[in-house]
Each structure stands twice: as C-alpha cells, then as structure tokens.
Amino acid sequence: MSLTDTAQPTGQLEPRKAALREYFGPAGFERWKIIYGDGPVSFIRRTVREGHAAVVGQAMEWIGPQSALRVLDAGCGPGVVSLQLARQGHTVKGYDLSEQMVEAARQSLTQEPVEVRERVEFNCSDLETLADQAKFDLAICLDVLIYYPEEELTRMLSRLKTLSPDRLIFTYAPASLLLRGMHWLGKKFPRRQRATRLEIIGEKAVKRALAANGWHLARQRHFNKGFYHVVLAEAVA
Ligand code: SAH
C-alpha cells in the first residue's frame, strides 16, 4: 500500500468537530495517550483502558484473521486498532481528525515489523468529508460516533456507507439510567474539567441512523466497566 496520500485539509470545522479536535489534540492528547498506553493510570482511567481493550478484543474476534480484509479505521486515534488488524494480516487505512493522534499512530507504526508497516497508512481527515476513493470490506469506528448526536451520526454513517458498503463495526453510548446519571453529574463540572463529551443517543436513534443509510444491526454486545459503558455493534447492508 502506498504511503503517498497527503493529509486532507479539513477546512472550516463546525464547532463540535473543532472542540473534538482540541479534546483529542492539543488539550487532551496527553490524557488519551496515557489511557491508550500501558503505563500506570488512575482507577477511573484504568476502567476506561480495560473496557476499551475488551471492546477491541471482541471486535477482533468478530473480524477474525480468516481472510485478509481491506479495513477503514475511521477515527483511528493512536492506531491501536489498526495495528492489531494489520498484525492479523488485514490491510488498514486509518483516518483521524486530530493531527497529534495521526502523528502518534505513525510513530507506533515505526515499531512494527516491515510486513505490518506495509499494510497500514495513517492520514488526517474529518470522516464526514473523507476523500478516499478506495472501497473497503469493513469500516471499524470504535469510540468515535459516541461523540455525535443523531443528525451528525446519520451524516457520518452516510460517508462510511459509501466507503464500506457491506460492513461496519462501531460503538455507541447506551441510554442507560446509570450513564445518564453520570453524564448529568459530569455536566455539573466546568466545561474545561469535563472528562467526557459523550452523546448518549441509545439504540433507537442508532437504528434510525443506520436504516437511513441502508444498514441494519446484525449483532451487538454491551460493555460496562466502571466509567466505561458502550455498546459494540455490527451493521450490515
Ligand atoms: N478508534 C480509536 C480511537 C478512539 S478515540 C480506538 O478505539 O482506539 C476517538 C477518536 O476519534 C479521536 O482520536 C478523535 O480525534 C477521532 N474523531 C472524532 N471525530 C472525528 C471525525 N469527525 N473524523 C475523524 N476522526 C474523528
């Protein structure tokens, strides 16, 4: 796979995306690097790390190493998922809104053996305006869509559907009472100190957004670990 794609200009970002880019970029990058790393962490961050690892493990099991797939890692962050997929023999293109995340992902890739390095590339782009012409067998989008309300989710799914028409594995935030409570509590803190910008939209809204784009939910599994509550879901055409 070529490494010649240039970073996509994202132009004027709408406020939510600008805030997310900041949250995963200059302002919050260190926090996320710690959570997705393997050094010591606080109790709360550890639950997020462990919950996320369990989700990634389940997704890897669903995908399996049986045949080599062309995978789009949509919102790849520091590249954890992309690298695991590439080690299993899949070819992966990872895209992220945050330049710091893309840089970190490229950095981790340098530590991999050459056959893994050749199967992966990382670029910076907003998913909604992703200009990749390739077709993928699978789009994987873990802990990204959880930051968007239904309308934006629907638009992002539309772009993903064009790129990967048959299969999407993603997470969403379940509308559980507990999570709503924690979210409410989170809003009591000043904006700068908030640990999360989650959009809790629940299964009904997710199903509507999928249906609007010609997908349906094929399977899903809830993950609850301390402060980490997500549903891992697979949609097919
Ligand atoms: N999927 C990775 C990273 C999750 S963190 C993993 O599970 O390990 C969420 C990432 O989504 C962040 O890096 C953030 O920058 C990215 N993101 C959020 N909105 C995005 C968008 N519209 N386009 C591209 N990336 C986005």
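1. Of the 20 residues around the ligand, the nearest are His52, Gly75, Asp96, Leu142 and Tyr148. Near here means that a heavy atom of the residue lies within 4 Å. This is a predicted model: local features need pLDDT of at least 70, side-chain atom pairs count only at pLDDT 80 or more, and totals for chains, interfaces and linings use all residues. Residues are numbered from 1 along each chain as its sequence is written, and side-chain values use heavy atoms, with hydrogens and water left out.

2. One is 2.7 Å from a polar backbone atom of Gly75. A polar side-chain atom of Tyr148 also lies 2.7 Å from a ligand nitrogen. The protein covers 100% of the 570 Å² of accessible area that the ligand has on its own (Shrake-Rupley method, 1.4 Å probe).

3. Lys17 sits in helix H1, Asp126 in the loop between strands S3 and S4, 109 residues apart. Lys17 is buried, at 2% relative accessible area (buried is under 20%, exposed over 50%, partly exposed in between; 1.4 Å probe, protein chains only). Asp126 is buried too, at 6%.

4. Glu14, Lys17, Asp126, Glu128, Glu151 and Arg155 are linked in a network. Within it, Arg155 and Glu128 meet at 2.8 Å, N to O. Arg155 is partly exposed, at 34%.

Terms used:
A polar contact is a pair of N or O atoms within 3.5 Å; within protein, one must be able to donate a hydrogen and the other to accept it, and residues adjacent in sequence count only if both atoms are side-chain atoms. Helices (H or I, at least four residues) and strands (E, at least two) are DSSP runs, numbered from the N terminus. A salt bridge is a side-chain nitrogen of Lys or Arg within 4 Å of a carboxyl oxygen of Asp or Glu.
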